[in-house]
Amino acid sequence: MISVFHLGTIDYATGLHLQQRLVELRKEGQIGDVLLLLEHTPVITLGRNAKAQNIVAMPEVLAQRGVEVFECDRGGDVTFHGPGQLVGYPIFDLRGFPAHDGKRKTLGVIEYVRRLEEVLIRTCADFGIPAKRISGLTGVWTEQNIEAKIAALGVHISRGVTSHGVALNVNTDLSYFNLIIPCGIESKPVTSIEKELGKEVSLEEVANSVSRNFGQVFESQILWLESLEGLTGPAVGVPAQPPAELRQMHRLDEETWA
């Protein structure tokens, strides 16, 4: 069973705090596997392998556009999150998922990332967009005409429990990506579902597609929750109305993937 909760739009610090709390609860066995779906207010994030020079905009330009900058413990380089982009944060215990690669009994990090890519490829197909992997690169790319990145991945795994995850450009303002060198890759552009189809798409429809494909790829039932109270109960300590400023996550990583 994967419990899915759609958070709406939240700032990045709040998302980090919530992930951290849910990861600890998952490690303690107090909750099951959870998928958070959300949008972020404009933010540039730097993963553990990020190069600061891949942020090409000056600080005053970022301030003018209302873009925050955060370092985090996911794998990968520099990326952007913002309105119109569907972000998915799976809080999964990989030891509960059987492996299919014949190399181990439970899901390993590489196969986990391949499954995340498969979720995104199937979601793009649901909207008539052929998408694929590119050998040696992380993420999901369009197949027709020019290869362009439509979804990014960056994960963190600690004691078998995952955090961070995927970001699918739906109706994203792609001009934000001009502020950075996305994932440190200069040779390939960024695209979105809206750009590929030539029309805006309902984010709710995309969220439904993503959740359905998570269920299929991870061979799990999907349970939509109306609130976090249904997952954690009232005593968890995750505020219903999060404060505007929260501390960034402590660096407790044991395994990262880029």
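The legends below accompany several close-up views of one predicted protein model.

Residues are numbered from 1 along each chain as its sequence is written, and side-chain values rest on heavy atoms, with hydrogens and water left out. Because the model is predicted, local features need pLDDT of at least 70 and side-chain atom pairs count only at pLDDT 80 or more, while totals for chains, interfaces and linings use all residues.

**View 1**
Helices (H or I, at least four residues) and strands (E, at least two) are DSSP runs, numbered from the N terminus. Of the 258 residues of the chain, 56% count as buried, where buried means under 20% relative accessible area, exposed means over 50%, and partly exposed lies in between (1.4 Å probe, protein chains only). The accessible surface of the chain comes to about 11,600 Å², and carbon and sulfur atoms hold 48% of that surface; such areas come from the Shrake-Rupley method with a 1.4 Å probe, and for residues only the protein chains shown count as cover. Among the contacts with a separation of 6 or more, 76% are between residues 24 or more positions apart, a contact being heavy atoms within 4.5 Å.

**View 2. Helix H1 spans residues 12-27.**
With 16 residues, H1 reaches 22 Å from its first C-alpha to its last, close to the 22 Å expected at 1.5 Å a residue; the expected span is 1.5 Å times one less than the number of residues. The helix is mostly covered, since 13 of its 16 residues are buried. At its start, a side-chain oxygen of aspartate 11 comes to within 3.2 Å of the backbone nitrogen of alanine 13. This is a polar contact, that is, a pair of N or O atoms within 3.5 Å; within protein, one must be able to donate a hydrogen and the other to accept it, and residues adjacent in sequence count only if both atoms are side-chain atoms. After H1 comes glycine 29, which has a positive phi near 75°.

**View 3. Valine 23 is a buried residue of H1.**
The relative accessible area of valine 23 is 8%, and valine 23 therefore counts as buried. Not counting residues up to four places away in sequence, valine 23 touches Ile91, Val161, Thr162 and Ser163. The C-alpha atoms of valine 23 and aspartate 33, which are ten residues apart along the chain, are separated by 9.6 Å.

**View 4. Three strands form an open sheet in the order S4-S3-S5, with mixed pairing.**
Strand S4 (68-71) and strand S5 (78-81) stand at the edges, each with a single partner strand, so one side of each is left without a neighbour in the sheet. Neighbouring strands of this sheet are turned by 25° against each other on average, direction ignored. H1 packs on the sheet and touches S3, S4 and S5, and the direction of H1 makes about 30° with that of S4; axes are lines fitted to C-alpha atoms, for helices over the stretch in contact, and angles run from 0 to 180 degrees between N-to-C directions. Strand S3 (residues 43-46) and S5 run antiparallel and are joined by four bridges, and leucine 46 has valine 78 in S5 as its bridge partner. Two strands pair if DSSP finds at least two bridges between them.

**View 5. Strand S9 (residues 149-158) is mostly covered, with ten of its ten residues buried.**
S9 pairs with strand S8 (residues 140-142) in the antiparallel sense over two bridges, and lysine 149 in S9 is the bridge partner of tryptophan 141. Six residues lie between the strands in the hairpin of S8 and S9, where asparagine 145 takes a positive phi near 55°. S9 also pairs with S10 in the antiparallel sense, over eight bridges, and alanine 152 stands opposite alanine 167 in S10. The hairpin of S9 and S10 has two residues between the strands, and arginine 159 there takes a positive phi near 50°.

**View 6. Asparagine 171 and threonine 172 sit in the loop between S10 and H4.**
Asparagine 171 counts as buried at 18% relative accessibility, and threonine 172 is buried with a relative accessible area of 4%. The side chain of asparagine 171 reaches the backbone oxygen of valine 201 at 2.6 Å, whereas a polar atom of the threonine 172 side chain lies 3.2 Å from the backbone oxygen of glycine 84. Leaving aside neighbours within four places in sequence, asparagine 171 is in contact with Pro83, Gly84, Glu194, Glu200 and Val201, and threonine 172 touches Phe80, Pro83, Gly84, Gln85 and Phe177.
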